[in-house]
Amino acid sequence: MSIGVDAFSYSGLTNIAIPASVQAIGDRAFKSCRYLATINVAPSNSVYRSLDGVLFDKSRTTLILCPRGKAGSYSIPDSVTSIGGGAFSGCSGLTSVTIGNSVTRIGDYAFADCTS
């Protein structure tokens, strides 16, 4: 099963639970979901994982998406080596993000429109 491109774009979602059956998430699936505060992935999912409501790959080396509704400060886990393109885009409620020394790649537009 997959979540398609733009599947929930511009929706009023506040949280989402991704089941084990989801094996692919399309580009911009959660684009401009400004109220989305939490992404929770089933522990048995073989592709994705979540921690503190943020979406990662299963090995937690790539931060895929921080939900747009997340606020305050956020520290990227030490296991992360790559921040995906647009990962924090539009996270206007975040006031600070701590990036550890393990991060060696930051994707395009990773912090676009982070106004705070």
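Mentor: Gladly! Keep in mind that this is a predicted model. Let's begin with the largest pocket, which has a volume of about 560 Å³.

Trainee: Which residues lie nearest the centre of the largest pocket?

Mentor: Arg-28, Leu-65, Arg-68, Gly-85 and Gly-86 do, out of 23 lining residues. Strand β7 (residues 62-65) gives the largest share of that lining, four residues.

Trainee: What makes up the lining of the largest pocket by class?

Mentor: Nine residues are nonpolar, eight polar and six charged. Gly counts as polar here, so Gly-85 and Gly-86, both in the lining, belong to the polar class.

Trainee: Why are β5 and β11 called edge strands?

Mentor: Five strands form an open sheet in the order β5-β6-β7-β9-β11, with mixed pairing. Strands β5 (48-51) and β11 (105-106) each pair on one side only.

Trainee: How many helices and strands does the chain have?

Mentor: Zero helices and 11 strands.

Trainee: Why does the radius of gyration agree with a compact globule?

Mentor: For 116 residues, the globule rule gives a value near 13 Å, and the chain has 13 Å, so the two agree. The C-alpha atoms fill a box of roughly 35 × 30 × 20 Å along the principal axes. Buried residues, those under 20% relative accessible area, make up 36% of the chain.

Technical notes:
Residues numbered from 1 in each chain as written. Predicted model: local features only at pLDDT ≥ 70, side-chain atom pairs only at ≥ 80, totals over all residues. Heavy atoms only, no water. Pairing = 2+ DSSP bridges. Helix = DSSP H or I, 4+ residues; strand = E, 2+ residues; numbered from the N terminus. 1 Å grid on protein atoms, 1.4 Å probe; cavity = no way out; pocket = protein on both sides within 12 Å on 5 of 7 lines; lining within 4 Å. Points joined across faces, edges and corners; volume = space filled by probe spheres on them. Rg over C-alpha atoms; globule rule 2.2 N^0.38 Å. Buried < 20%, exposed > 50% of the residue type's maximum accessible area, 1.4 Å probe, protein only.
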